[in-house]
Amino acid sequence: MKLDYPVPRRDETVKETKFGVEIPNPYCWMEDPDAEETKAFVDAQNAVTEKFLEQCPVRSKIKERLTNLWNYPKFSCPAKHGDKYFFYKNSGLQNQSVLYVQDSLDGQPREFLDPNTLSDDGKVALSVKKFSEDGKTFAYGISKSGSDWSSIQFKDVETGKDYPEVLEKVKFTSIAWTHDNKGVFYGRYPDQEGRVDGTETSADSQQKLYYHRLNTPQSEDIMVVVFPEEPKYLIGAEVSDCGRWLIITPKKGCQDNLMYYYDLHTLPDGKISGQLKLSPIIEKLECDYDYITNIGEDLIIRTNKNAPNYQLIKINLKKPAPENWQIVVAENDHDVLDWATCAADNKLVLCYVQDVKSVLKVHDLQTGKFLQQLPLDMGTITGFSGEKKYAEVFYQFTSFLTPGIIYVCDLSQPEFKPKVFRQIEVKNFDPSQYVIEQKFYPSKDGTKVPMFLVHQKGLKKDGKNPTLLYGYGGFNINLQPSFSVSRLIFIQNLNGVYAIANIRGGGEYGEKWQNGGRLLNKQNTFDDFIAAGEYLIRENYTSTPYLSIQGGSNGGLLVAACINQRPDLFGAAIIQCGVLDMLHFHKFTIGYAWTSDYGDPDEEKFFHYIRQYSPLHNVKLPGENVQYPATLLLTADHDDRVVPLHSLKFVATLQETVRNHPAQKNPVLIKIETKAGHGAGKPTAQVIEEVTDIFCFIIESLKLKVQD
């Protein structure tokens with residue numbers, strides 16, 4: 001099929017000079033999502049892409065199989081709030097999971113909040129949420145069309161009725177209830193200029209912390225914390241387990257935070273009436289500090305300060321200087337302390353990542369002494385609920401071949417004996433037919449990088465297996481084993497190999513692993529991913545005509561950079577919501593926060609380094625016998641995290657480069673979804689449609705055969 005790409009206007013006059021380097025920006029006009037010219041470009045691109053995807057002869061078969069396999073009940077861990085238990089359930093194909101309540105664990109569940117009733121198309125989702133300390137009121141955020149903006153409402157648990165007030169201008173916030181159950185702390189932005197519905201591109205700034213008293217209008221909310229000299233701070237807030245301390249954790253990027261506190265017991269008449277005078281705990285942005293629990297004035301903190309794999313320390317509020325800190329649970333030399341929580345009054349539950357797999361341990365709160373490891377197979381803890389005031393905890397285990405097992409465990413007993421509370425099952429799925437492998441392959445500099453492979457038993461290593469290689473490599477995020485029916489379709493019906501490379505930049509091996517793919521080491525991330533592709537080919541799992549790569553957000557940057565650097569290595573590339581204009585990413589919405597991972601392009605040392613790999617600025621004319629792999633970009637009009645202008649400018653540049661090049665036979669396409677965002681809260685129907693598009697693109701581009 002000959003593709004007639006849209007030809008957008010190039011404005012050669014738009015350019016800037018930074019540090020002696022001229023940077024053209026001919027598609028700068030695409031940064032305005034409301035411009036008629038931008039809308040026309042989007043419509044024209046969608047028309048070309050949809051025509052290409054619709055021609056796939058097995059499209060209806062792929063979508064039907066995805067839909068059938070997706071149609072199984074999904075559950076979250078129960079969580080106790082007050083005297084009731086709450087859990088989320090999706091009956092199979094519901095666009096949004098429904099929140100249920102039951103009076104006891106063996107009681108009859110009844111519907112508490114169904115987000116599917118909030119819109120006709122399933123594109124309204126729950127975002128931030130928190131029950132009051134007594135469990136009688138539920139605060140919940142509502143997000144529309146995938147936007148990061150939320151509005152917070154309050155529901156009476158007993159009656160199911162909503163309170164009259166709605167909190168607006170909310171984004172990137174927690175909800176922290178005071179223990180008198182009368183109000184919450186939350187982060188709010190000032191009035192924005194222009195439209196604020198998830199399609200805007202203006203930078204977010206000047207978040208302030210407010211106190212809202214239940215059953216009063218938002219106009220009466222009290223601003224309690226602000227950092228006027230730091231308009232880019234994101235202000236985290238939580239109330240300590242004892243209810244006395246308000247813990248404030250400002251951060252400027254995606255890592256490293258400060259820490260302050262306020263003694264709520266010193267409030268005149270117990271009422272909040274104005275800005276709070278905070279006391280410092282941590283005053284330097286250099287490490288992560290997470291509040292876990294407290295014993296009176298002693299805070300238990302998870303930190304990577306002097307502990308690249310993280311440890312638990314004790315900080316006394318009256319003597320917070322580092323020389324007074326005490327180690328509660330020391331750093332593990334190999335395993336990374338991923339998270340920690342307190343339950344059953346005096347137990348610490350610690351989740352470690354050991355060679356990319358979860359390990360769950362219980363320690364004593366007072367002494368830090370190890371008590372017991374809870375049994376787990378090779379996989380991931382994907383859900384957990386438990387609080388200091390309750391004896392029982394719930395945790396959910398999943399793996400590539402395990403849809404989900406929810407355990408319950410009473411931590412008040414001398415010996416901890418987890419029991420299976422609920423097992424999630426998928427119809428017509430036999431895990432015994434599949435194999436999971438974990439390989440360690442060498443990267444360009446010799447670093448050993450882990451990679452998971454999932455495929456059917458008896459795989460013939462003849463270099464002809466369709467293979468989908470997925471990566472992320474950033475922001476201290478771990479890619480651990482998880483269950484996905486879409487992967488099963490790829491493995492089952494294409495006899496494919498699914499691969500996840502745990503490349504540097506992620507948090508799989510702690511701070512050292514993250515820093516190895518961060519800032520001026522970012523090229524290591526791309527080298528690791530390219531080396532993964534080379535390994536799969538070298539070991540005869542696949543070959544270039546059968547090898548597809550996929551990544552989203554920071555992973556979209558990864559895939560785009562790799563097809564620029566090694567277009568000869570891959571057969572197809574899926575770039576989802578990619579960060580692609582790396583010289584300007586920090587100017588849009590929350591992009592400035594990513595300078596903690598990428599560096600600031602307005603600083604000379606970072607500018608020159610970033611310019612070497614920025615996908616938009618490194619599109620090259622393919623060589624005589626080399627072409628770009630078949631490439632599909634996916635973005636959405638309400639993605640206010642990684643705004644769609646990244647994808648629009650990149651696809652225009654890439655299409656311009658390959659349009660008239662005789663070697664280029666592979667398609668370069670983009671699909672821009674409407675009323676959708678970065679991914680959170682995406683309705684099931686839309687997810688199935690998107691996965692169908694991806695698989696049809698790969699099948700059609702690589703001329704693959706689908707098995708019955």
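This is a predicted model: local features need pLDDT of at least 70, side-chain atom pairs count only at pLDDT 80 or more; totals for chains, interfaces and linings use all residues.
Colleague: Hi! How far is the sulfur of C287 from the closest cysteine sulfur?
Modeller: It is 16 Å away, and that closest sulfur belongs to C254. The distance is too far for a bond, since a disulfide is a pair of cysteine sulfur atoms within 2.5 Å.

Colleague: Thanks! Back to C287: buried or exposed?
Modeller: C287 is buried, at 8% relative accessible area. Buried means under 20% relative accessible area, exposed means over 50%, and partly exposed is in between (1.4 Å probe, protein chains only). C562 is buried as well, with a value of 0%.

Colleague: New topic, salt bridges. How many are there?
Modeller: The count comes to 35. The rule asks for a side-chain nitrogen of Lys or Arg within 4 Å of a carboxyl oxygen of Asp or Glu.

Colleague: Where do K649 and E31 lie?
Modeller: Their side chains meet in a salt bridge at 2.8 Å, N to O. K649 is in helix 9 (residues 645-658), while E31 is in the loop between strand 2 (21-24) and helix 1 (36-54), so the pair ties together parts that are 618 residues apart in sequence. As for what counts here, helices (H or I, at least four residues) and strands (E, at least two) are DSSP runs, numbered from the N terminus. K649 and E31 are both buried.

Colleague: And which residue does K671 meet in a salt bridge?
Modeller: D693, at 2.7 Å from N to O. K671 sits in strand 39 (residues 668-673) and D693 in helix 10 (residues 684-702), so this pair links distant parts of the chain, 22 residues apart. K671 is buried at 12%, and D693 is buried at 2%.

Colleague: Which residues are linked with those two in a network?
Modeller: The network of salt bridges links E54, R59, K63, K671, E689 and D693.

Colleague: What about E22 and K15?
Modeller: Their side chains form a salt bridge too, at 3.7 Å, N to O. Here E22 counts as partly exposed at 49% relative accessibility, and K15 counts as partly exposed at 43%.

Colleague: Let's look at helix 5. How many residues does it have?
Modeller: Helix 5 (residues 523-538) has 16 residues. From first C-alpha to last it reaches 22 Å, close to the 22 Å expected at 1.5 Å a residue; the expected span is 1.5 Å times one less than the number of residues.

Colleague: How many of them are buried?
Modeller: 12 of the 16, so the helix is mostly covered. Among the buried ones are F526, F529, I530 and Y535.

Colleague: What do the buried residues of helix 5 pack against?
Modeller: Their partners include strand 35 (497-501), strand 36 (547-552) and helix 6 (554-565). Contact here means heavy atoms within 4.5 Å.

Colleague: What comes just after helix 5?
Modeller: N540 does, with a positive phi of about 65°. Most residues other than glycine have a negative phi.

Colleague: Where is D355 found?
Modeller: D355 is in the loop between strand 25 (347-354) and strand 26 (357-364). Its phi is positive, about 50°, although D355 is not a glycine. At 22% relative accessibility, D355 counts as partly exposed.

Colleague: Last one: which side chain does Q576 make a polar contact with?
Modeller: That of Q550, at 2.8 Å. A polar contact is a pair of N or O atoms within 3.5 Å; within protein, one must be able to donate a hydrogen and the other to accept it, and residues adjacent in sequence count only if both atoms are side-chain atoms. Q576 lies in strand 37 (residues 572-576) and is buried at 13%. Leaving out residues up to four places away in sequence, Q576 touches several others, including G551, S553, L634 and I694.

Key:
Residues are numbered from 1 along each chain as its sequence is written. Side-chain values use heavy atoms; hydrogens and water are left out.
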